[in-house]
There are 2 protein chains.
Amino acid sequence: MSHTAITALLAGKVEAHTTVTVKGWIRTRRDSKAGISFLAVHDGSCFDPIQAVVPNSLNNYDEITRLTAGCSVEVTGVLVQSQGKGQSFEIQAETVNVVGWIDNPDTYPMSAKRHSIEYLREHAHLRPRTNMIGAVTRVRNCLAQAIHRFYNERGFVWISTPIITASDCEGAGEMFRVSTLDNENLPRTDKGNVDYSEDFFGKEAFLTVSGQLNGETYCSAMSNIYTFGPTFRAENSNTSRHLAEFWMVEPEVAFADLEDIAKLAEDMLKYVFKAVLDERRDDMEFFAQRVEKTAIERLENFVDKDFAQVDYTEAVEILKACGKKFEYDVEWGVDLQSEHERYLAEVHFNAPVVIKNYPKDIKAFYMRANEDGKTVAAMDVVAPGIGEIIGGAQREERLDVLDARLDEMGLDKEDYSWYRDLRKYGTVPHSGFGLGFERLVAYVTGMGNVRDVIAFPRTKGSATY
Amino acid sequence: MSHTAITALLAGKVEAHTTVTVKGWIRTRRDSKAGISFLAVHDGSCFDPIQAVVPNSLNNYDEITRLTAGCSVEVTGVLVQSQGKGQSFEIQAETVNVVGWIDNPDTYPMSAKRHSIEYLREHAHLRPRTNMIGAVTRVRNCLAQAIHRFYNERGFVWISTPIITASDCEGAGEMFRVSTLDNENLPRTDKGNVDYSEDFFGKEAFLTVSGQLNGETYCSAMSNIYTFGPTFRAENSNTSRHLAEFWMVEPEVAFADLEDIAKLAEDMLKYVFKAVLDERRDDMEFFAQRVEKTAIERLENFVDKDFAQVDYTEAVEILKACGKKFEYDVEWGVDLQSEHERYLAEVHFNAPVVIKNYPKDIKAFYMRANEDGKTVAAMDVVAPGIGEIIGGAQREERLDVLDARLDEMGLDKEDYSWYRDLRKYGTVPHSGFGLGFERLVAYVTGMGNVRDVIAFPRTKGSATY
């Protein structure tokens, strides 16, 4: 028996007075004294459930009055415009088949009361049935689709950079080892160390912390590429902004300088926020009501406003002169803290800000040296209400400058031979950035913790499901 | 200086006699006796390079005559319709800036001669500059975009199921361990075993072999979901069809039976093949010329033909009666080999075939038991020219039947408690399948080895770059 998604019915895509079937789960049941039951049925296709009006003339009406939240049903009936407020259409049920019961409703972890966000996290396999996590899931999907669409429309090629890597090129953070060695019986070298030549890949291997360096290779052939895949940090950061496993979007653009990718970052964020405002208004209204009052307004502001741009050096001056007492002092040469970034975005500029040209000593080896000898062509995009959301840079495309920097930082050129090849053979200026996808979803939804915007969060001490 | 993608120029999207700039890499250079040089410049945006016609009146013409394959350039000039055959437009160059030289062209690994596929694999960081790997990269991207589009248009929600998992639920294959323990100094339990409670996640953790079981949880809330992410097998399979790290597409559909997802598989494959035929005709013509003569024809056939459907039991009868001598004998109860599948698809049906209802003893625990007590509602989609391309099943949604099967297979119900919860609380019939993305790309392009259709292949003994 074919059925129709509830979103199509509520959006008026099916003519009234048509007989339709919906399949989904009970959110609530209410019985009137007049012998009519009202079932709210959701199927995940949109925020609102559809109401099925069930008369007691149905053969299995006694079953209907035993339905509880979470039971699965198939409802067939006539679609009619609803008299009730807050709903466009409802179904006058002619048959209601119960597909799956809940034998003991008292044990159902997602019963119709409100649950704490921590409780939901403990039941990650069932939490998408809630209003909140259902909405997060749809918004997350909307953002992911919009990201692919944005890049595809602009001729970018999606590249899957490797997840397992034998090089910690970026030194961006603690890595997870990937191995098939028998830990109870590790092979040893003559010197008594673990012999990784016996391991699956013939050497020590890790989970990637970034696809960037690999992405640069394809950028140096396809011109415009992006990655969208999982990355990993084995950091013991028990914060609302860190996951051990998270998804990153990393575009890399040939013949592009810092200005070009600052523009790309602005265009991309506006594009995907606009997609959410257009396509997921229902879910965003829920977030505005229940999670973060300004959820819609701040996206609208974001889309409307030009990004501010400021050099790191000038930003430091602004912060020193502003008269505000920060927890951490600001001096030229130190990395900006979240409190500084947010002051710039929320108070000083009252707009998203691109902070550019950071001191080279606080940035990675691959960022392009500026002529002042002190700074590199790095940028962070900082947004009101969240702080840093994007980090990027123009890459050092000059082999001699790159080599000098590798030496300066005590890195072995041999380890970067393939990366250096890109500078030996038809090198081009190029730039890119990284966007942490969960932070983006958290920002859009107003959810305070990235653990609640990914299906099964992985953090220190936790990898259940 | 802004520039235009070569694909836009060759496709006639810019008016002739406009002054344009392209930026890219030299594929070939030819000098005429009349003092004109012809540069073929590619930028990865399409298969063909654009020809720049460079007169010796340019100031830096001596530089131009030293350009070799792989050098990067910026060419500005007037776009004109080309007189030469095989190209629509060319550029009458007014300036040619050399951006990146190759100091010693003899050492350039991607010089303009033909290289073996094995040689290219050894230079994976530069191989996308070749015609072949460039074409693979664009077709791969086209397929990925089409997959997202297909599911998004049908209301499916993309879910990122976890990469790191603490459960080997499916038992689908050898797994990689993920750990931050210091291998030189492993913590031990009282009994002397490795103490994984000290590890990052507080227990032994692995890389996922499939997102399916996790996907079922979201299917049981959002109705229609799909995953598209990396999966891992630590198998020592040195074949042209196996990678240690590969991407999988796994839709999961609530209220769907085996017929429904057989139809979904057919619709999806036709949709994405049609996208390639429509959008990447240039690359497909290359594959048809150089890699697999029937590359285009077989996609066209695939799109036009209805899939055949056959029960496993009947398939075995066909194979036993066909008179062909196979390497492996066929008997009811054994798994079909590639030679059997290909006979069915290529000879008997001469069409893609959905083989359904396999013996339960050769299939996984979660597949739905059929009424005959002997088979399960599993399916494989087998295509002419490649064999199995999709494997799927209706899932066992009945808790008592699932539990009996877990017992029968000696699996611990406690390990599957969250999976069993889906059957306790509003269970629904549901079905899904898995598609190995690299096998799909290999099939479409005719490339014989999956190592050549992913940017940086990971296989036993190899994780370079």
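Predicted model: local features only at pLDDT ≥ 70, side-chain atom pairs only at ≥ 80, totals over all residues.
Biologist: How many helices and strands does the secondary structure of chain A come to?

Modeller: The C-alpha trace of chain A spans about 85 × 60 × 45 Å along its principal axes. Within chain A, the secondary structure comes to 13 helices and 16 strands.

Biologist: What percentage of the residues in chain A is buried?

Modeller: A residue is called buried when its relative accessible area is under 20%. Chain A has 465 residues, and the buried share of them is 60%.

Biologist: Among contacts in chain A between residues at least 6 apart in sequence, what percentage joins residues at least 24 apart?

Modeller: Contact here requires heavy atoms within 4.5 Å. Of the contacts in chain A between residues at least 6 apart in sequence, the share that joins residues at least 24 apart is 67%.

Biologist: What area do chain A and chain B bury between them?

Modeller: The size of an interface is often given as the accessible area lost when the parts come together. In this model, 111 residues of chain A are in contact with 111 residues of chain B. Carbon and sulfur atoms carry 60% of the area buried between the two chains, which is about 8500 Å².

Biologist: Which residues in chain A lose the most area to chain B?

Modeller: Three residues of chain A account together for 9% of what that side buries. They are A:Phe200, A:Phe255 and A:Tyr425.

Biologist: Which helix of chain A gives the most residues to the side that touches chain B?

Modeller: Across the interface of chain A and chain B, 43 residue pairs are in polar contact. On the side of chain A that touches chain B, there are 55 nonpolar, 36 polar and 20 charged residues. The helix that gives the most to this side, with 11 residues, spans residues 131–153 and is α4.

Biologist: Which residue in β5(B) is the bridge partner of B:Leu79?

Modeller: In chain B, strand β3 (residues 50–55) runs parallel to strand β5 (residues 89–100), with 3 bridges between them. Strand β4 (residues 72–81) of chain B pairs with β5(B) in the antiparallel sense over 10 bridges. While B:Val53 has B:Gln92 as its bridge partner, the partner of B:Leu79 is B:Ile91.

Biologist: Is B:Glu216 buried or exposed?

Modeller: B:Glu216 is found in helix α5 (residues 212–222) of chain B. Beyond its neighbours within four places in sequence, B:Glu216 is in contact with B:Glu252, B:Arg395, B:Tyr419, B:Leu422, B:Arg423 and B:His430. Because its relative accessible area is 0%, B:Glu216 is classed as buried.

Biologist: Which residue has its backbone oxygen 3.0 Å from a polar atom of the side chain of A:Arg405?

Modeller: A:Arg405 lies in helix α11 (residues 399–408) of chain A and is buried, with a relative accessible area of 11%. Leaving aside neighbours within four places in sequence, its contacts are A:Lys360, A:Asp361, A:Lys363 and A:Phe365. The backbone oxygen at 3.0 Å belongs to A:Lys360.

Biologist: How far apart in space are A:Ala244 and A:Phe232, C-alpha to C-alpha?

Modeller: A:Ala244 is in the loop between β10 (224–232) and β11 (245–254) of chain A, and it is buried at a relative accessible area of 3%. Residues that A:Ala244 touches include A:Phe232, B:Phe200 and B:Phe201. A:Ala244 and A:Phe232 are 12 residues apart in sequence, and their C-alpha distance is 5.4 Å.

Biologist: Which residue takes a positive phi just after α13(A)?

Modeller: Helix α13 (residues 437–445) of chain A is mostly covered, with 8 of its 9 residues buried. Among those buried residues are A:Phe437, A:Leu440 and A:Tyr443. Just after the helix, a positive phi of about 80° is taken by A:Gly446.

Notes. Residues numbered from 1 in each chain as written. Chains lettered and ligands numbered in written order. Heavy atoms only, no water. Buried area = accessible area lost by both parts, 1.4 Å probe. Polar contact = N/O pair within 3.5 Å; in protein donor to acceptor, adjacent residues only side chain to side chain. Helix = DSSP H or I, 4+ residues; strand = E, 2+ residues; numbered from the N terminus. Nonpolar A, V, L, I, M, F, W, Y, C, P; charged D, E, K, R; others polar. Pairing = 2+ DSSP bridges. Buried < 20%, exposed > 50% of the residue type's maximum accessible area, 1.4 Å probe, protein only.
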